[in-house]
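Here are my notes on this one, as numbered points. Have the viewer open while you read.

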Amino acid sequence: FGESQLLTSRAWIIAAGAIASILAVLVFYLILTRVIFTPVRALRETTERVQRGELTARSTLTTGDEFEELSTAFNAMLDEMDLTQRHLRTMNENLDLKVTELAEANVGLWESSRFKSEFLANVSHELRTPLNSIIGFAEVIRERASEDEKLQRYATNIQTSGRSLLDMINELL
C-alpha cells in the first residue's frame with residue numbers, strides 16, 4: 001500500500017510539475033508577447049511607414065515604460081526631420097531664385113562686355129584713323145620741306161607728337 005501511495009504521489013508531483021511548467025511557459029509567452037513583442041511590432045510598423053515615404057506617420061505607444069520613451073523619441077526625431085526638410089525646401093527655393101537672378105545678371109554682364117568691346121573697337125578706329133592721317137601728312141610735309149628747316153622741324157614735331165599720342169591710345173585701349 002505504501003509503495004502504491006508513493007507511486008501515486010510521484011505521478012501527481014510529475015503531473016503538477018508538467019502542468020506548472022506548461023503554465024509558466026504560457027504565462028512567459030503571454031508576458032513576452034504583450035510587454036515586448038507588441039510594442040516592438042508597433043514601432044517597426046511605424047518605421048516601415050516612414051521608410052515608404054509617409055513622413056506624417058507617428059508612433060502611439062502608451063506602455064508606460066522604455067518603449068513609450070523610445071516611441072516619444074522617435075516621434076521627436078520625425079518632427080525634427082520634417083522641420084529640417086521644410087527648411088531645406090525653403091532654402092532650395094531661395095537658391096533657385098538666386099540662380100535665376102545670377103543667370104540674368106550674367107546675361108547682362110555678357111551684353112555689357114560685348115557693348116564695351118564694340119565701343120572700344122569703334123573708338124580705336126575713330127581715333128587711329130585721323131591720327132595715322134596726321135602722322136602720314138606730317139611725314140609728307142617733312143620730306144617736301146627739305147629747304148625750309150623751320151617747316152621740317154614743325155613736321156617732325158607733329159610726327160613725334162602724333163606717334164606719342166598713338167602709343168598712348170594703343171596702351172589705353
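1. Burial first: of the 173 residues in the protein, 13% are buried (buried means under 20% relative accessible area, exposed over 50%, partly exposed in between, with a 1.4 Å probe and protein chains only). Keep in mind that this is a predicted model, where local features need pLDDT of at least 70, side-chain atom pairs count only at pLDDT 80 or more, and totals for chains, interfaces and linings use all residues. Residues are numbered from 1 along each chain as its sequence is written, and side-chain values use heavy atoms, with hydrogens and water left out.

2. On overall shape, the protein has a radius of gyration of 50 Å, whereas a compact globule of 173 residues would have one near 16 Å. That radius is taken over C-alpha atoms, and the globule rule is 2.2 Å times the number of residues to the power 0.38. Along the principal axes, the C-alpha atoms fill a box of roughly 170 × 30 × 20 Å.

3. The secondary structure is three helices and zero strands, giving the pattern α-α-α along the sequence. Helices (H or I, at least four residues) and strands (E, at least two) are DSSP runs, numbered from the N terminus.

4. How far does α2 reach from its first C-alpha to its last? The answer is 112 Å for 79 residues, close to the 117 Å expected at 1.5 Å a residue. The expected span here is 1.5 Å times one less than the number of residues. For α3, the 24 residues should span 34 Å and the end C-alpha atoms are 34 Å apart, so the two agree.

5. Now the buried positions of α2 (66-144): they are Phe67, Ser71, Phe74, Asn75, Leu78, Ser124, Leu131, Ile135 and Ala138. Their cover includes α1 and α3. In α3, the buried residues are Ala155, Gln159, Gly162, Leu166 and Ile169, and what covers them includes α2.

6. Have a look at Leu78, which sits in α2 and is buried, with a relative accessible area of 2%. Setting aside residues up to four places away in sequence, Leu78 touches Val50, Ala57 and Arg58 (contact means heavy atoms within 4.5 Å). Thr90 is twelve residues from Leu78 along the chain, and their C-alpha atoms are separated by 18 Å.

7. Leaving aside neighbours within four places in sequence, Thr46 is in contact with Ala57, Arg58, Ser59 and Phe74.

8. Leu151 belongs to helix α3 (residues 149-172) and is partly exposed, with a relative accessible area of 37%. Not counting residues up to four places away in sequence, Leu151 touches Ile141 and Ala145. The C-alpha atoms of Leu151 and Ile141, ten residues apart along the chain, are separated by 7.9 Å.

9. Some whole-chain numbers to finish. Of the contacts with a separation of 6 or more, 50% come from residues 24 or more positions apart. The accessible surface is about 13,900 Å², and 63% of that belongs to carbon and sulfur atoms; areas come from the Shrake-Rupley method with a 1.4 Å probe, and for residues only the protein chains shown count as cover.

10. As for charge, the mean positions of the 18 positive and 25 negative charges are 2 Å apart. Lys and Arg count as positive and Asp and Glu as negative, while His and the chain ends are not counted. Each charge is placed at NZ of Lys, CZ of Arg, CG of Asp or CD of Glu.
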